[in-house]
Amino acid sequence: VHKLNGMCRENYKSDNEYESVIKKQSERQKELYRLNPEKYWKKNLGYESKEELYFFNEISKHLCGLKHLHLGINVQNTELYSKYGKQYVITDGYIEFENNIILFEYDGNFWHDIEYDEIRDDIILSKRKDIIGIIRIGDIYFKGNNIEKIIKDIEYAIEDIKSKKYKRKLLY
């Protein structure tokens with residue numbers, strides 16, 4: 001996977017070469033967004049896997065208020081911006097209550113980099129005070145459990161975040 005990923009640091013001979021590629025890609029993305037934001041969103045940021053769609057459809061039947069709507073968070077002047085060339089991060093879904101938000105991320109475990117996700121989550125939580133927590137659900141966990149257990153675990157995770165016991169819960 002790393003060999004196929006043109007944005008992976010280990011595919012470059014030097015940090016300067018890697019940083020140059022990241023900078024060019026970032027500038028290209030900014031220009032595409034500036035020229036046509038709606039088309040850019042649909043083409044580059046609005047992607048959902050069939051599994052993600054199925055997950056949110058199934059969970060929404062049982063968890064009142066869960067929205068499968070993307071929320072964009074500006075991460076300029078952060079480690080995500082300088083290290084990965086990201087200007088915005090887009091979340092998979094969320095639930096709102098009492099002027100607060102808990103984000104939901106459906107992670108295909110094969111594609112997710114846990115270190116990157118931790119950095120991303122910490123930055124999101126620092127950028128938006130109304131976002132009080134993030135629940136990450138792995139595809140293997142979702143496929144390997146019945147819906148009743150998944151809903152119960154999500155409800156416990158929501159309560160842990162509301163009570164400020166945790167800011168981040170992983171259901172993997």
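**Aromatic contacts in a predicted model**

From the N terminus on, the protein chain's elements run α-α-α-β-α-β-β-β-α-β-α-α-β, with helices (H or I, at least four residues) and strands (E, at least two) taken as DSSP runs numbered from the N terminus.

Student: What kind of model is this, and how are residues numbered?

Tutor: This is a predicted model: local features need pLDDT of at least 70, side-chain atom pairs count only at pLDDT 80 or more, and totals for chains, interfaces and linings use all residues. Residues are numbered from 1 along each chain as its sequence is written, and side-chain values use heavy atoms, leaving out hydrogens and water.

Student: Is phenylalanine 55 buried or exposed?

Tutor: Phenylalanine 55 is buried, at 0% relative accessible area. Buried means under 20%, exposed over 50%, partly exposed in between (1.4 Å probe, protein chains only).

Student: And which pair does tyrosine 106 form?

Tutor: Tyrosine 106 pairs edge-to-face with phenylalanine 142, 6.0 Å centre to centre and 90 degrees between the planes. Tyrosine 106 is in strand β4 (residues 100–107) and phenylalanine 142 in helix α6 (residues 139–144), so the pair ties together parts 36 residues apart in sequence. Both residues are buried.

Student: Which residues form the aromatic cluster?

Tutor: Tyr54, Phe55, Phe56, Tyr106 and Phe142 form one cluster.

How values were computed
Rings of Phe, Tyr and Trp (its six-membered ring) pair if their centres lie within 6.5 Å; planes under 30 degrees apart count as stacked, over 60 as edge-to-face and the rest as tilted.
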